[in-house]
Amino acid sequence: MKSTTKAPVIYPRLSEQPSYREALDKLNHFCTQLQLEQQKLHDLQFEYSKSINSDEKSEPEADHIIQKAEALISGSAPLQSLIDQIHTKTRLIKALEDASRAQRGIVTNVETTLSREAGQHFIAEHKAIVARILAAVEELYESNLAELNFRNDLGKLGYHSALPAMLFAQVDELDPARNSRAYYWSQDARKYLR
């Protein structure tokens with residue numbers, strides 16, 4: 001049996017919603033930047049480790065001294081010491097981690113808000129589907145009860161086991177005295193449909 005209800009294809013996918021896309025892009029930016037800065041920190045730490053662990057502390061060559069001075073004059077040399085650069089990168093990484101964590105919360109909030117809006121947009125259609133399910137469950141209950149009563153009436157006439165039991169499920173599933181899952185589901189469905 002085919003479903004007569006179409007999926008809500010006219011509503012945009014969550015990933016196509018501008019507010020979600022913007023929040024996710026910002027999160028991706030923070031994560032990408034965090035990876036880049038972590039790599040830079042690793043490189044700085046490696047360079048620092050190499051500088052303090054060199055076996056021979058030789059005098060810098062004249063070319064190196066001249067290149068360093070020219071870099072300082074042109075502004076292309078780092079103004080901070082290696083250890084200061086490591087501290088700065090560490091603070092930047094901490095800030096990016098905090099920003100990523102905060103942005104993940106924003107993405108979740110946007111997703112929740114948009115999901116709630118989509119739910120409101122489709123609530124009438126969804127309630128119609130749930131009403132069909134509830135009607136089908138109630139009809140099954142009534143049909144099962146009728147089948148059981150029919151065989152019991154035949155048994156009262158003395159024809160026991162004349163017909164096979166053809167209940168689809170337990171006949172008492174919607175009986176409140178049985179505390180069944182189907183009974184409680186039907187109660188929740190009725191409240192939802194109000």
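Select Q103 first: its place is in helix α3, residues 82-156 (helices, H or I, of at least four residues and strands, E, of at least two are DSSP runs numbered from the N terminus). This is a predicted model, in which local features need pLDDT of at least 70, side-chain atom pairs count only at pLDDT 80 or more, and totals for chains, interfaces and linings use all residues. Residues are numbered from 1 along each chain as its sequence is written, and side-chain values use heavy atoms, with hydrogens and water left out.

Keep Q103 selected and show its surroundings. Leaving aside residues up to four places away in sequence, Q103 touches A23, K26, L27 and F30 (contact means heavy atoms within 4.5 Å). Q103 has a relative accessible area of 5% and is therefore buried (buried is under 20%, exposed over 50%, partly exposed in between, with a 1.4 Å probe and protein chains only).

Next, select Y48, found in helix α1, residues 18-52. Y48 has 31% relative accessibility and so counts as partly exposed.

Now zoom out to the whole protein chain. The chain has four helices and zero strands, and its elements run α-α-α-α from the N terminus on. Of its 194 residues, 21% are buried. Among contacts between residues at least 6 apart in sequence, 71% join residues at least 24 apart. With a surface display on, the chain exposes about 15,000 Å², of which carbon and sulfur atoms supply 57% (accessible areas come from the Shrake-Rupley method with a 1.4 Å probe; for residues, only the protein chains shown count as cover).
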